[in-house]
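Dear colleague,

Please find the structure below, which I am handing over to you for your work. A short account of what was found in it comes after.

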Amino acid sequence: MPAIRRSEPARLNVGAVRVPPAVAIEGLTKAFGRGETQTLALAEIDIGLRPGTMTALVGPSGCGKSTLLRVIAGLEAPSTGTIEIDGEPPEAIKRRGEIAVAFQDASLLPWLTVHSNVALALKLARRPVDDQGIRELLTLVGLQGFERAKPAELSGGMRQRAAIARCLITEPRLLLLDEPFGAVDELTRRRLNVELSRIWEGRGTTGLLVTHSIQEAVLLADEILVMTARPGRIATRITVPLPRPRTGRQLNSAAFHRTVEQVAAALGIDEDEPVTLAVAT
């Protein structure tokens, strides 16, 4: 596996490339509860995330997609099995601030400005607040001029941009996304998909995306893992043949539509159903 870069930059370089980690998961299971009330959420998960790639998790509601992401993030402990990020447990990577997680709810503190919400991530990671770096990153995500705005003054899409900036400000080597655009309208979601792809590419980050949208998975990911119903297992791995950088124009390509159909078939969706809609949450 690639070596980990230990040195930290004196200040944020928005365009900096860091060494992306490999993620190896072997024999992972996750159960909730005990005895007769125990529920097995994940069973026999053996996967690897290639360094510097984006992997998408799709599957039926309740199959354990978000649970798997939380275990990788170190927010939940596996019942059995191992998770290694460049040979280390998630807790070690998390302590160094090298894992960032974005959820469907932007979870911005309402009394802080956009700038202060992003700066908070640096403070929690015990890193110096870099005002210039924050301004550069907010410009990159399309929030220039809104640095002093409060969350209530932003649209849903703008709040999600701020949440993504908050994730990226610590220069994470592993980016975990749990339905980050699930609460915004379809048009805004499509725009944010293209923007996220543009921002993420080339940043030296390994990514994992949990989504119910087949189109989102195909547009953003290099590989798609299709999960079974609970207890969740990996049923199929599908390579996305679209070249990078990804653009909105690829939504109309034959390769995009073939891959959408392939993922839909793996999910058991009837080919006569409109696969442009998200799988039920």
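This is a predicted model: local features need pLDDT of at least 70, side-chain atom pairs count only at pLDDT 80 or more; totals for chains, interfaces and linings use all residues.

Residues are numbered from 1 along each chain as its sequence is written, and side-chain values use heavy atoms, with hydrogens and water left out.

The largest pocket has a volume of about 650 Å³. Among its 25 lining residues, Ile99, Ala100, Val101, Ala121 and Leu124 are the closest to the centre. On a 1 Å grid over the protein atoms alone, a pocket is an open set of points with protein on both sides within 12 Å along at least five of seven lines, a cavity is a set of points where a 1.4 Å probe fits but cannot get out, and lining residues have an atom within 4 Å of a point. Grid points are joined across faces, edges and corners, and a volume is the space filled by probe spheres set on the points. At least two residues of the pocket lining come from each of helix 2 (90–95), strand 5 (99–102), helix 3 (114–124) and helix 5 (156–168). Helices (H or I, at least four residues) and strands (E, at least two) are DSSP runs, numbered from the N terminus. By class, the pocket lining holds 15 nonpolar, 4 polar and 6 charged residues; Ala, Val, Leu, Ile, Met, Phe, Trp, Tyr, Cys and Pro count as nonpolar, Asp, Glu, Lys and Arg as charged, and the others, Gly among them, as polar.

The structure also holds 3 cavities of 30 Å³ or more. The largest cavity contains about 70 Å³ of space, and its lining includes Glu186, Arg189 and Leu251. Helix 6 (186–200) and helix 7 (214–220) are the elements that give two or more residues to this lining, and the largest share, 4 residues, comes from helix 6. The second largest cavity has a volume of about 60 Å³. Helix 6 gives the most to the lining of the second largest cavity, again with 4 residues. That lining has 6 nonpolar, no polar and 2 charged residues.

Helix 6 has 15 residues and spans 21 Å from its first C-alpha to its last, close to the 21 Å expected, where the expected span is 1.5 Å times one less than the number of residues. Its buried residues (under 20% relative accessible area; exposed is over 50%, partly exposed in between; 1.4 Å probe, protein chains only) are Thr188, Arg189, Leu192, Asn193, Leu196, Ser197, Ile199 and Trp200. They lie on the same side of helix 6 because they cover an arc of only 170 degrees around the axis, taken from the directions from the helix axis to the C-beta atoms.

Helix 5 is mostly covered, with 10 of its 13 residues buried. The buried residues of helix 5 pack against strand 5, helix 3, helix 4, strand 6 and helix 6, a contact being heavy atoms within 4.5 Å.

Finally, Glu153 is in the loop between helix 4 and helix 5. Glu153 is exposed, with a relative accessible area of 55%. Its C-alpha atom is separated by 9.8 Å from that of Pro110, 43 residues apart along the chain.

With kind regards
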